[in-house]
Amino acid sequence: MDSSGKPSTAQIVVLATSSALTAIFYSIYKSRATTVARLKEAKKVSLEQDLKALLSETPGRCISYAVIEGAVRSVKETLNSQFVDNCKGVIERLTLKEEKMVWNRTTHLWSNTEKVIHQRTNTVPFSLGSHDDNIATTVRVMRPLDAAELNLETTYTNFHPTNQSLSSVIGHFISGERPKGIHETEEMLRLGDSVTGVGELVLDNNLIKLQPPKQGFCYFLTRLDHEALLRKQGSSVRMWRVLTAVFGIAACSALCFVLWKCYSHRRQVKRERSMLEEFKEQQRRRMRELNLEESSVSPNSCSVCLSRERSCVFLECGHVCSCAQCYDALPVPKKCPICRAPIDRAVNLYNS
């Protein structure tokens with residue numbers, strides 16, 4: 001808080017930042033909480049049911065938000081792993097990451113960093129079927145890459161270290177970057193994997209489809225079961241709720257601090273104004289006792305004795321209102337006659 005009573009820049013930044021983060025975290029928390037509530041309300045269907053009959057009797061021939069679990073089945077072709085024999089799947093993701101050490105000029109330490117330099121995802125049409133081979137019902141999965149929680153299985157990983165020479169090591173120390181190598185990974189959704197899908201279940205021309213839901217609902221495709229998915233989403237909700245509460249308390253504390261400082265400053269200004277009026281009244285009373293006219297008193301006269309010139313300044317308040325003799329006569333602890341602030345020391349003034 002500066003002398004004018006306005007909040008300082010640091011206080012404004014703290015208040016604005018904590019308020020903005022609180023609003024962001026609360027928005028994320030509400031979104032996650034809504035997702036969990038919708039997951040709990042989603043209708044669970046089974047591949048053992050007669051899904052075509054069920055959907056035919058449903059208005060619009062669809063269930064707007066359904067949970068279904070099944071095993072991954074290929075529709076026509078499959079994807080073969082490029083590194084593992086006899087490993088087939090329907091989604092393959094190849095990733096190349098560059099790993100390097102970067103010199104931090106602030107902490108003077110080397111830190112590890114990763115950067116994705118190439119990523120390619122291949123997919124083929126697939127469906128979810130029952131683990132029981134005697135049940136022929138399948139559900140075609142549409143737009144799987146749009147789904148959240150699509151956690152693929154890592155089928156291959158390899159690290160290719162960078163060849164180091166003396167000249168390259170010297171160059172890396174000068175540039176502040178030391179390449180470590182390339183990390184290569186392959187991830188797949190394999191045939192036979194158990195998958196839980198949450199989305200819109202629709203019957204379209206005798207084909208049952210699981211597709212991204214409408215109305216802002218979240219589309220899930222995960223190797224977790226429904227209960228595990230709920231627990232994971234619930235833990236995320238708790239984390240964002242705690243962050244919202246922490247930054248909300250910080251924002252409220254910052255606001256209360258700023259308001260208290262403003263109130264304290266206003267009260268101090270009001271008290272100083274009241275003391276100044278009281279001092280002027282006492283000065284006028286003193287002039288009447290001495291039978292002095294206000295016009296006959298010099299503006300530079302000592303405010304205490306009204307006879308000698310003001311010759312010292314009080315610190316820390318900065319008032320120049322007294323002569324040296326009256327200052328010496330002030331009772332201990334010495335206080336400014338105008339604002340009643342404690343006087344740390346007095347500095348003599350010399351008029352040239």
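Ile-174 is exposed, with a relative accessible area of 67%, where exposed means over 50%, buried under 20% and partly exposed in between (1.4 Å probe, protein chains only). The structure is a predicted model, in which local features need pLDDT of at least 70 and side-chain atom pairs count only at pLDDT 80 or more, while totals for chains, interfaces and linings use all residues. Residues are numbered from 1 along each chain as its sequence is written, and side-chain values use heavy atoms, with hydrogens and water left out.

Ile-174 belongs to helix α3 (residues 166–175); helices (H or I, at least four residues) and strands (E, at least two) are DSSP runs, numbered from the N terminus. Together with Leu-166 and Ile-170, Ile-174 forms a nonpolar surface patch of about 350 Å² accessible area.

Turning to the aromatic side chains, rings of Phe, Tyr and Trp (its six-membered ring) pair if their centres lie within 6.5 Å, and planes under 30 degrees apart count as stacked, over 60 as edge-to-face and the rest as tilted. Eight aromatic pairs are counted by this rule. In one of them, the ring centres of Tyr-26 and Tyr-29 are 6.2 Å apart with the planes at 45°, so this pair is tilted. Both residues lie in helix α1 (residues 9–41), three residues apart, about one turn of the helix. Tyr-26 is partly exposed at 44% relative accessibility, whereas Tyr-29 is buried at 19%. Elsewhere, ring pairs link Phe-25, Trp-240 and Phe-247 into a cluster.

Next come the salt bridges, each a side-chain nitrogen of Lys or Arg within 4 Å of a carboxyl oxygen of Asp or Glu. The count by this rule is eight. Among them, Arg-73 and Asp-133 meet through their side chains at 3.7 Å, N to O. This pair links distant parts of the chain, with Arg-73 in strand β2 (residues 62–74) and Asp-133 in the loop between β6 (126–129) and β7 (138–141), 60 residues apart. Arg-73 is partly exposed, at 27% relative accessible area, and Asp-133 is exposed, at 68%.

A further salt bridge joins the side chains of Lys-214 and Glu-200 (3.1 Å, N to O). Lys-214 sits in the loop between β11 (207–211) and β12 (220–222) and Glu-200 in strand β10 (residues 194–204), so the bridge ties together parts that are 14 residues apart in sequence.

Note on methods:
Patch = residues over 30% accessible without salt bridge, like charges linked within 9 Å, V, L, I, M, F, W, Y side chains within 5 Å. Areas by Shrake-Rupley, 256 points an atom, 1.4 Å probe, with all protein chains shown as cover.
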